[in-house]
Amino acid sequence: MPGQFGLNAGVIPAPGITYANLALNYSAGQLNNSEGNKISGITGTYDFWVDENIVYYVPSHKILGGYFMPYVAVNVANGSLVADLTGNNLGANGGGAGLADTYVQPLNLGWHFAKRVDFNVGYSFTAPTGRYTAGANNNVGSGYWGNNFTSGTTLYITKNQGTTANLATAWEIHGQKTVASIPAGQFSKITPGQAFTAEWGIGQVLPLKKNLSMLAQFGLVGYDQWQVSSNGGTYLVAGLPIAASRLPYYSVHGIGFQANYILPAKNVALFFKYYDEYSAKVRVQGRAIVFGGSWTLKIPKSQTIP
């Protein structure tokens, strides 16, 4: 789900242990076809909440001139789907709640370049810890492993670092999953196509106190996500094999705003983001609300590794 990043995409926490909480609500009321138009005859809602509990660890020593920042996100999700297929006397409903898939980034390095650029790059994987049963209507997890290659960049446009341009990217490679056939009774092995996500933001910091002990940050943010490779495997539809590669690629684009409240001396930051999706293909189109905060327990610096 895009919307994870925005302003300060390239910034890593100060050396120490940081806990962050991110709550995301996504809701949609339409399903689009491959042309980006709403599919007629289908009405309903799609809605879910996810609460991400993220722990970062940044050692005080440097590696390759940058800071090492592994982290893990343990996620709890709640979702629902209610749809009516008009004219066919058919309907669908579902939803589930519980532990979702777990996101782990064991490799991540961040650098500060001449006080004008913060940049980080890393590798992560997604473990299918969430409940998943092929054909069930109360799944919380994806049912497959995933691998991700990520980057984050913050460019300080002004000398005082108050105005920033930000970009976060993620390339997702998905593992194989089991899906139920239509009608139910048989199962297929499918590998979802790879995806690329870019999240961007342009922001401005404003001091709320003259001594800079209290700051506000506002900005324009957005995300763009594309499927970039074909699905693998074969679906069984009424007993007939259909190549998953025949399915069209999905994409989605959203734009919105972000507001941050920062207390530098207390190592505390709070944030709120809103995104409205203005284009989507082969998927639902809706809006996302994201909010949360972080707190860092600083650890004194130690000797630098040459």
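A114 is exposed, with a relative accessible area of 70% (buried means under 20%, exposed over 50% and partly exposed in between, for a 1.4 Å probe and protein chains only). The residue sits in the loop between β6 (102–113) and β7 (117–127); strands (E, at least two residues) are DSSP runs numbered from the N terminus. The model is predicted, so local features need pLDDT of at least 70 and side-chain atom pairs count only at pLDDT 80 or more, whereas totals for chains, interfaces and linings use all residues. Residues are numbered from 1 along each chain as its sequence is written, and side-chain values use heavy atoms, with hydrogens and water left out.

Most residues other than glycine have a negative phi. A114 has a positive phi, near 55 degrees. V282, also not a glycine, has a positive phi of about 55 degrees and lies in the loop between β17 (268–281) and β18. At a relative accessible area of 31%, V282 is partly exposed.

Strands β14 (residues 232–237) and β15 (residues 240–243) are paired antiparallel over four bridges; two strands count as paired if DSSP finds at least two bridges between them. Within this pairing, V237 is opposite L240 in β15. Strand β11 (residues 187–191) is joined to β14 by two bridges, again in the antiparallel sense, and T191 stands opposite G232 in β14. These strands belong to an open four-stranded sheet with the order β10-β11-β14-β15 and antiparallel pairing. β10 (177–180) and β15 each have a single partner strand and stand at the edges, so one side of each is without a neighbour in the sheet. From one strand to the next, the twist averages 35 degrees (axes are lines fitted to C-alpha atoms, and angles run from 0 to 180 degrees between N-to-C directions).

The structure holds one salt bridge, defined as a side-chain nitrogen of Lys or Arg within 4 Å of a carboxyl oxygen of Asp or Glu. The bridge links the side chains of E277 and R283, with an N to O distance of 3.4 Å. Both partners are buried: E277 has a relative accessible area of 3%, and R283 has one of 16%.

A search of the whole structure gives 14 aromatic pairs. Rings of Phe, Tyr and Trp (its six-membered ring) pair if their centres lie within 6.5 Å, and planes under 30 degrees apart count as stacked, over 60 as edge-to-face and the rest as tilted. The rings of W111 and F119 are stacked, because their centres are 6.3 Å apart and their planes stand at 20 degrees. W111 is buried at 17% relative accessibility, whereas F119 is partly exposed at 26%. Y26, Y46 and F48 form one aromatic cluster.

I17, Y19, V55, Y57, W295, L297 and I299 make a nonpolar surface patch of about 620 Å². Such patches consist of residues with over 30% relative accessible area and no salt bridge, nonpolar side chains (Val, Leu, Ile, Met, Phe, Trp, Tyr) being joined within 5 Å and like charges within 9 Å; accessible areas come from the Shrake-Rupley method with a 1.4 Å probe, and for residues only the protein chains shown count as cover. Two or more residues are given to the patch by each of β1 (16–31), β2 (42–58) and β18 (284–298). L297 is found in strand β18 and is partly exposed, with a relative accessible area of 45%.
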